[in-house]
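I opened my notebook on a structure that is new to me. I'm jotting down what I looked up, one entry at a time.

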Amino acid sequence: MLIPDLDAGCSLAETVRPADVRTWRATHPDGLVVAYVNCSAAVKAEADYCCTSGNAVAVVRALPPDVPVLFVPDFFLGSHVRRITGRALDVWMGECHVHAALTPADVEARRREYPDAEFLVHPECGCVTSTMYYASADGDVAAGRTHIVSTEQMTERARTSPARRFVVATETGVLHRLRRENPDKQFHALAESAECRFMKLITLEKLRDCLRDLKPEVVVPPDVAVRARRAIDRMLAIG
Ligand code: SF4
(Lines give C-alpha, C1' and ligand atoms only; values in the text may rest on other atoms or scores of the structure.)
Protein backbone atom coordinates (compact mmCIF):
# COMPACT_ATOMS: atom_id res chain seq x y z
CA MET A 1 0.00 0.00 0.00
CA LEU A 2 1.11 3.53 -0.75
CA ILE A 3 0.37 6.62 1.35
CA PRO A 4 1.31 10.14 0.24
CA ASP A 5 2.43 11.19 3.75
CA LEU A 6 3.42 8.79 6.53
CA ASP A 7 2.41 11.39 9.15
CA ALA A 8 -1.21 11.38 7.95
CA GLY A 9 -2.49 9.40 10.90
CA CYS A 10 -5.83 9.49 12.73
CA SER A 11 -6.46 10.49 16.34
CA LEU A 12 -9.44 8.13 16.52
CA ALA A 13 -7.45 5.10 15.32
CA GLU A 14 -4.78 5.89 17.93
CA THR A 15 -7.24 5.44 20.82
CA VAL A 16 -7.32 1.64 20.67
CA ARG A 17 -4.55 -0.96 20.41
CA PRO A 18 -4.71 -4.68 19.60
CA ALA A 19 -3.79 -5.46 23.22
CA ASP A 20 -6.90 -3.55 24.41
CA VAL A 21 -9.14 -5.84 22.37
CA ARG A 22 -7.32 -8.93 23.64
CA THR A 23 -7.75 -7.74 27.24
CA TRP A 24 -11.54 -7.42 26.73
CA ARG A 25 -11.66 -10.88 25.13
CA ALA A 26 -9.88 -12.41 28.10
CA THR A 27 -12.85 -11.51 30.29
CA HIS A 28 -15.49 -12.15 27.57
CA PRO A 29 -14.37 -15.42 25.93
CA ASP A 30 -17.73 -15.81 24.14
CA GLY A 31 -17.83 -12.14 23.10
CA LEU A 32 -17.74 -10.55 19.64
CA VAL A 33 -15.81 -7.46 18.63
CA VAL A 34 -17.04 -4.94 16.04
CA ALA A 35 -14.40 -2.51 14.75
CA TYR A 36 -15.37 0.71 12.99
CA VAL A 37 -13.26 1.08 9.87
CA ASN A 38 -11.23 4.02 11.30
CA CYS A 39 -8.81 1.79 13.19
CA SER A 40 -5.51 0.10 12.39
CA ALA A 41 -5.16 -3.14 10.44
CA ALA A 42 -3.78 -4.70 13.64
CA VAL A 43 -7.01 -3.85 15.53
CA LYS A 44 -9.17 -5.11 12.66
CA ALA A 45 -7.18 -8.35 12.87
CA GLU A 46 -8.37 -8.76 16.48
CA ALA A 47 -12.01 -8.02 15.58
CA ASP A 48 -14.76 -10.35 14.41
CA TYR A 49 -16.51 -7.78 12.22
CA CYS A 50 -15.56 -4.50 10.63
CA CYS A 51 -18.21 -1.81 10.00
CA THR A 52 -18.61 1.64 8.49
CA SER A 53 -20.75 4.46 9.87
CA GLY A 54 -23.28 3.57 7.15
CA ASN A 55 -23.69 -0.10 8.05
CA ALA A 56 -22.79 -0.23 11.79
CA VAL A 57 -26.44 -0.66 12.82
CA ALA A 58 -26.97 -3.47 10.28
CA VAL A 59 -23.79 -5.26 11.41
CA VAL A 60 -24.76 -5.15 15.10
CA ARG A 61 -28.33 -6.27 14.31
CA ALA A 62 -26.91 -9.29 12.43
CA LEU A 63 -24.96 -10.56 15.46
CA PRO A 64 -26.27 -13.54 17.41
CA PRO A 65 -28.30 -12.43 20.45
CA ASP A 66 -27.18 -12.86 24.05
CA VAL A 67 -23.43 -12.62 23.45
CA PRO A 68 -21.42 -9.70 24.79
CA VAL A 69 -20.30 -7.25 22.13
CA LEU A 70 -17.46 -4.74 22.23
CA PHE A 71 -17.66 -1.79 19.80
CA VAL A 72 -14.35 0.01 19.03
CA PRO A 73 -13.01 2.64 18.78
CA ASP A 74 -15.54 5.50 18.48
CA PHE A 75 -17.62 6.28 21.56
CA PHE A 76 -20.18 8.54 19.84
CA LEU A 77 -20.83 6.16 16.95
CA GLY A 78 -20.97 3.18 19.35
CA SER A 79 -23.42 4.98 21.63
CA HIS A 80 -25.55 5.90 18.61
CA VAL A 81 -25.64 2.24 17.51
CA ARG A 82 -26.47 1.16 21.07
CA ARG A 83 -29.42 3.60 21.14
CA ILE A 84 -30.76 2.57 17.72
CA THR A 85 -30.42 -1.20 18.21
CA GLY A 86 -31.23 -1.31 21.93
CA ARG A 87 -28.34 -3.75 22.34
CA ALA A 88 -26.20 -3.47 25.49
CA LEU A 89 -22.88 -2.88 23.72
CA ASP A 90 -19.62 -2.31 25.54
CA VAL A 91 -18.45 0.87 23.83
CA TRP A 92 -14.80 1.87 23.73
CA MET A 93 -14.11 5.42 24.95
CA GLY A 94 -12.29 6.53 21.80
CA GLU A 95 -13.02 9.70 19.89
CA CYS A 96 -11.84 11.73 16.93
CA HIS A 97 -10.61 15.14 18.08
CA VAL A 98 -12.35 16.85 15.13
CA HIS A 99 -15.80 15.27 15.50
CA ALA A 100 -15.77 15.29 19.32
CA ALA A 101 -15.22 19.05 19.26
CA LEU A 102 -18.60 19.61 17.55
CA THR A 103 -20.85 20.36 20.50
CA PRO A 104 -24.57 20.87 21.24
CA ALA A 105 -23.77 24.61 21.64
CA ASP A 106 -22.59 24.68 18.00
CA VAL A 107 -25.88 23.07 16.93
CA GLU A 108 -27.92 25.60 18.90
CA ALA A 109 -26.02 28.53 17.38
CA ARG A 110 -26.53 27.26 13.82
CA ARG A 111 -30.21 26.51 14.48
CA ARG A 112 -30.72 30.14 15.43
CA GLU A 113 -28.68 31.38 12.47
CA TYR A 114 -30.36 29.16 9.85
CA PRO A 115 -33.82 28.15 11.10
CA ASP A 116 -34.76 26.90 7.61
CA ALA A 117 -31.75 24.59 7.23
CA GLU A 118 -31.68 20.83 7.21
CA PHE A 119 -29.01 19.37 9.54
CA LEU A 120 -26.78 16.51 8.33
CA VAL A 121 -24.85 15.09 11.30
CA HIS A 122 -22.16 12.38 11.17
CA PRO A 123 -22.60 9.88 14.04
CA GLU A 124 -18.96 10.33 15.15
CA CYS A 125 -19.79 13.87 16.30
CA GLY A 126 -19.84 15.01 19.92
CA CYS A 127 -23.22 16.67 19.26
CA VAL A 128 -24.91 13.50 18.03
CA THR A 129 -26.78 12.82 21.28
CA SER A 130 -28.49 16.21 21.33
CA THR A 131 -29.22 16.14 17.61
CA MET A 132 -30.92 12.74 18.05
CA TYR A 133 -33.42 14.69 20.14
CA TYR A 134 -34.03 17.20 17.35
CA ALA A 135 -34.29 14.37 14.83
CA SER A 136 -37.20 12.86 16.73
CA ALA A 137 -38.78 15.65 18.80
CA ASP A 138 -42.41 16.26 17.85
CA GLY A 139 -43.09 19.88 17.04
CA ASP A 140 -39.45 20.92 17.37
CA VAL A 141 -38.43 23.47 14.76
CA ALA A 142 -35.98 20.99 13.25
CA ALA A 143 -38.09 17.84 13.63
CA GLY A 144 -37.88 15.88 10.39
CA ARG A 145 -35.05 18.13 9.19
CA THR A 146 -32.22 16.59 11.22
CA HIS A 147 -30.53 13.46 9.94
CA ILE A 148 -27.80 11.33 11.55
CA VAL A 149 -26.01 10.07 8.46
CA SER A 150 -22.76 8.54 7.23
CA THR A 151 -20.68 10.48 4.70
CA GLU A 152 -22.21 8.60 1.76
CA GLN A 153 -25.73 9.00 3.14
CA MET A 154 -24.98 12.72 3.51
CA THR A 155 -24.26 13.12 -0.20
CA GLU A 156 -27.38 11.10 -1.07
CA ARG A 157 -29.59 13.16 1.26
CA ALA A 158 -28.18 16.46 -0.05
CA ARG A 159 -28.98 15.35 -3.61
CA THR A 160 -32.54 14.13 -2.97
CA SER A 161 -33.78 16.50 -0.26
CA PRO A 162 -36.12 19.33 -1.26
CA ALA A 163 -34.27 21.61 1.23
CA ARG A 164 -32.20 24.46 -0.24
CA ARG A 165 -29.92 25.01 2.78
CA PHE A 166 -27.94 22.51 4.88
CA VAL A 167 -25.78 22.62 7.99
CA VAL A 168 -23.17 19.86 7.87
CA ALA A 169 -21.64 18.42 11.04
CA THR A 170 -18.44 16.57 10.14
CA GLU A 171 -14.91 17.29 8.89
CA THR A 172 -15.26 20.31 6.58
CA GLY A 173 -13.61 18.58 3.59
CA VAL A 174 -16.92 16.96 2.65
CA LEU A 175 -18.36 20.44 1.95
CA HIS A 176 -16.32 20.67 -1.28
CA ARG A 177 -18.00 17.59 -2.68
CA LEU A 178 -21.48 18.61 -1.51
CA ARG A 179 -21.14 22.06 -3.12
CA ARG A 180 -19.71 20.66 -6.34
CA GLU A 181 -22.49 18.09 -6.71
CA ASN A 182 -25.29 20.50 -5.70
CA PRO A 183 -24.40 23.96 -7.09
CA ASP A 184 -27.96 25.25 -6.57
CA LYS A 185 -27.97 24.52 -2.80
CA GLN A 186 -26.29 26.23 0.20
CA PHE A 187 -24.02 24.28 2.57
CA HIS A 188 -22.66 25.59 5.88
CA ALA A 189 -20.20 23.87 8.21
CA LEU A 190 -21.52 23.35 11.73
CA ALA A 191 -18.10 24.74 12.73
CA GLU A 192 -15.50 26.04 10.26
CA SER A 193 -12.83 24.91 12.72
CA ALA A 194 -13.68 21.21 12.11
CA GLU A 195 -10.60 20.59 9.97
CA CYS A 196 -8.50 17.46 10.34
CA ARG A 197 -4.82 18.33 10.26
CA PHE A 198 -4.01 14.70 9.36
CA MET A 199 -6.28 14.67 6.31
CA LYS A 200 -4.91 18.04 5.21
CA LEU A 201 -1.40 16.52 5.04
CA ILE A 202 -2.50 14.69 1.88
CA THR A 203 -2.04 17.20 -0.92
CA LEU A 204 -2.34 16.80 -4.70
CA GLU A 205 1.43 17.29 -5.05
CA LYS A 206 2.19 14.55 -2.53
CA LEU A 207 -0.31 12.25 -4.23
CA ARG A 208 1.37 12.89 -7.58
CA ASP A 209 4.83 12.19 -6.17
CA CYS A 210 3.61 9.09 -4.38
CA LEU A 211 2.13 7.61 -7.57
CA ARG A 212 5.23 8.58 -9.57
CA ASP A 213 7.80 7.24 -7.09
CA LEU A 214 5.70 4.39 -5.62
CA LYS A 215 6.57 5.49 -2.07
CA PRO A 216 6.10 5.95 0.87
CA GLU A 217 4.94 2.38 1.25
CA VAL A 218 3.04 0.82 4.16
CA VAL A 219 3.61 -2.91 4.59
CA VAL A 220 1.05 -4.90 6.58
CA PRO A 221 2.39 -8.25 7.82
CA PRO A 222 0.65 -11.04 5.86
CA ASP A 223 -0.84 -12.74 8.95
CA VAL A 224 -2.34 -9.41 10.11
CA ALA A 225 -3.72 -8.75 6.63
CA VAL A 226 -5.39 -12.18 6.47
CA ARG A 227 -7.12 -11.73 9.84
CA ALA A 228 -8.12 -8.12 9.14
CA ARG A 229 -9.59 -9.16 5.78
CA ARG A 230 -11.68 -11.80 7.55
CA ALA A 231 -13.44 -9.06 9.61
CA ILE A 232 -14.00 -6.99 6.45
CA ASP A 233 -15.37 -9.99 4.49
CA ARG A 234 -17.83 -10.73 7.30
CA MET A 235 -19.06 -7.13 7.12
CA LEU A 236 -19.44 -7.35 3.35
CA ALA A 237 -21.41 -10.59 3.69
CA ILE A 238 -23.94 -8.69 5.86
CA GLY A 239 -24.14 -5.92 3.26
S1 SF4 B 1 -11.28 13.54 10.93
FE2 SF4 B 1 -9.10 12.97 11.04
S3 SF4 B 1 -8.76 12.28 13.15
FE4 SF4 B 1 -10.99 12.31 12.79
S5 SF4 B 1 -11.54 10.20 12.15
FE6 SF4 B 1 -11.14 11.40 10.28
S7 SF4 B 1 -8.93 11.04 9.85
FE8 SF4 B 1 -9.29 10.44 11.99
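I started with Phe187: it is partly exposed, because 19 other C-beta atoms lie within 10 Å. For that label, I count a residue as buried at 20 or more other C-beta atoms within 10 Å of its own, exposed at 12 or fewer, and partly exposed in between, with C-beta atoms placed from the backbone.

Before going on, I noted that this is a predicted model: local features need pLDDT of at least 70, side-chain atom pairs count only at pLDDT 80 or more, and totals for chains, interfaces and linings use all residues. Residues are numbered from 1 along each chain as its sequence is written.

Next I looked up where Phe187 sits, and found it in strand β8, residues 186-189. Strands here are DSSP runs of E with at least two residues, helices are runs of H or I with at least four, and both are numbered from the N terminus.

Then I checked the pairing: β8 runs parallel to strand β7 (residues 165-169), joined by four bridges. Two strands pair if DSSP finds at least two bridges between them. Phe187 is the bridge partner of Phe166.

I also listed the contacts of Phe187, skipping neighbours within four places in sequence: Phe166, Val168, Leu175, Leu178 and Arg179. Contact means C-beta atoms, placed from the backbone, within 7 Å.

Last, the whole protein chain: I found eleven helices and eight strands, and buried residues make up 33% of its 239 residues.

Note on methods: Contact = placed C-beta atoms within 7 Å.
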